[in-house]
Amino acid sequence: MKILYLQSNIQQNASIVFALDKMGHNVACYPSPIEDIGKDEGMQKALEAFLKKHRPAFVISTLFDSSVAVITKRLDMKYAVWCMDSPAYSVWTPDAESDHCFIFYFDYREYELKKQSGLRNVYHLPLAADIIWSDRLNVTDEEIRRYSCDMSFIGSLYTNNLYDKVIEQFPADVQESFTELLENSAFVWDGRDRLHMPEELVEIVRRLCPDIFDEPYMPDEYFLRKYFMGRKLTHVERTLMMELLAERYDIHLYTRATETVPEGVRRFPEIDGSDGALKVFRASRINLNITLRSIASGVPLRVFDIMSMGGFVLSDRQEEMPELFEEGREIVTFKTPEELLDKADYYLRNEDERTKIAANGYRKVKKQHTYESRLNKLISILFPTP
């Protein structure tokens, strides 16, 4: 089957191409990033000409783009989007409602929300582990020594978040309302979303900060909860957890140069996601996952990447984790900071148990959660057997 993959600057994922190629498909990776295509009429014409010439069975991307949806509809061609971030802001447009668009969410609650909103072809599809790439990657003994540590975390602390940029524009009583929402939500990972904002608070933001609402089809409360509040809450949790963990452990943080990092945390530059990050996952005794708060129920890609390298995962508890991994056998999770510290202490002292769980996690993703298995399901939905 001929397939065209549209790459993204934001969500680079060559694993889709590797897997489709291994599955025997004729997959091409389009040279222009999807973000550029969406902004340039000339690039849109070039993509349409390419599609007319090569006629792939379908187009696939990890970000939705309205211009691609319009082009593929005009050519009577299916367009599949496997959303690898949550929420998928770009899907909030009428162009995604076309019958030829197939939207796949890894976050079940987001899938439910869009299904209830009337989106036609929307499906739940968890993320995956790239065993093809990890099995090819050679990690030397010197690299194991270089990246070795008690605990590591690769990701943003969201120091530069929208909340902190605009909060001073609100009166003191409104700031107190925001603070109360954050305090009621922070450091409790039990599956409940406590960030829902009353309409009167949403209206105040509309009146005082109208410029922050740049998605015309997205509900304002949803944007405030997911982006405005969700990223600030993630900043609070990740920053304070880094500070707390650094008091006890040798913790390595790989993050952007623009991030403000707590004292005691060993800071390293942002690391390449396809190579260097995987070596960190292999070498770290514990790999920490603190999920971005805008991800409602799904398991983030970081967890699958760690397991693909045989790394040990200690993660906040996401609602869908028990459906994918067995607690205490393939993954270890926590609901509170106290539980995180207790389990970190235990598994750093019990290496045999830690390495056994890591090995079980690797075997699970290799057997059940590969890109090939996910893409087989995606293709079966696009082209159902009679």
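Reader: Is Phe-304 buried or exposed?

Author: This is a predicted model, and the answer is to be read with that in mind. A residue is called buried when its relative accessible area is under 20%. Phe-304 has 0% relative accessibility, so this residue counts as buried. Phe-304 belongs to helix 13, which spans residues 301-308.

Reader: With which residues is Phe-304 in contact, leaving aside its neighbours within four places in sequence?

Author: Contact means heavy atoms within 4.5 Å. By that criterion Phe-304 touches Leu-127, Ala-128, Ala-129, Val-299, Leu-324, Phe-325, Val-365, His-369 and Arg-374.

Reader: Why is strand 4 described as largely enclosed by the rest of the structure?

Author: The reading again rests on burial. Strand 4 covers residues 78-83, and five of its six residues are buried, so the rest of the structure largely encloses this strand.

Reader: In what sense does strand 4 pair with strand 3, and in what sense with strand 5?

Author: Pairing is read from the bridges between strands. Strand 3 (residues 58-61) pairs with strand 4 in the parallel sense, over four bridges; here Val-59 stands opposite Tyr-79. Strand 5 (residues 101-105) is likewise parallel to strand 4, over five bridges, and Phe-102 is the bridge partner of Ala-80.

Reader: Which unit do strand 3, helix 4 and strand 4 make?

Author: Together with helix 4 (residues 66-74), strands 3 and 4 make a β-α-β unit that is right-handed.

Reader: How many aromatic pairs does a search of the whole structure find, and why is the pair Phe-223 and Tyr-227 stacked?

Author: The search finds 21 aromatic pairs. For Phe-223 and Tyr-227 the ring centres lie 5.5 Å apart and the planes meet at 20°, so the pair is stacked; planes under 30 degrees apart count as such. Both residues lie in helix 11 (residues 220-246), four residues apart, about one turn of the helix. Phe-223 is buried, at 7% relative accessible area, whereas Tyr-227 is partly exposed, at 26%. Tyr-89, Phe-213, Phe-223 and Tyr-227 form one aromatic cluster.

Terms used
Residues numbered from 1 in each chain as written. Predicted model: local features only at pLDDT ≥ 70, side-chain atom pairs only at ≥ 80, totals over all residues. Heavy atoms only, no water. Buried < 20%, exposed > 50% of the residue type's maximum accessible area, 1.4 Å probe, protein only. Helix = DSSP H or I, 4+ residues; strand = E, 2+ residues; numbered from the N terminus. Pairing = 2+ DSSP bridges. Right-handed = clockwise from strand over helix to strand, strands pointing away. Phe/Tyr/Trp six-rings, centres within 6.5 Å; stacked < 30°, edge-to-face > 60°.
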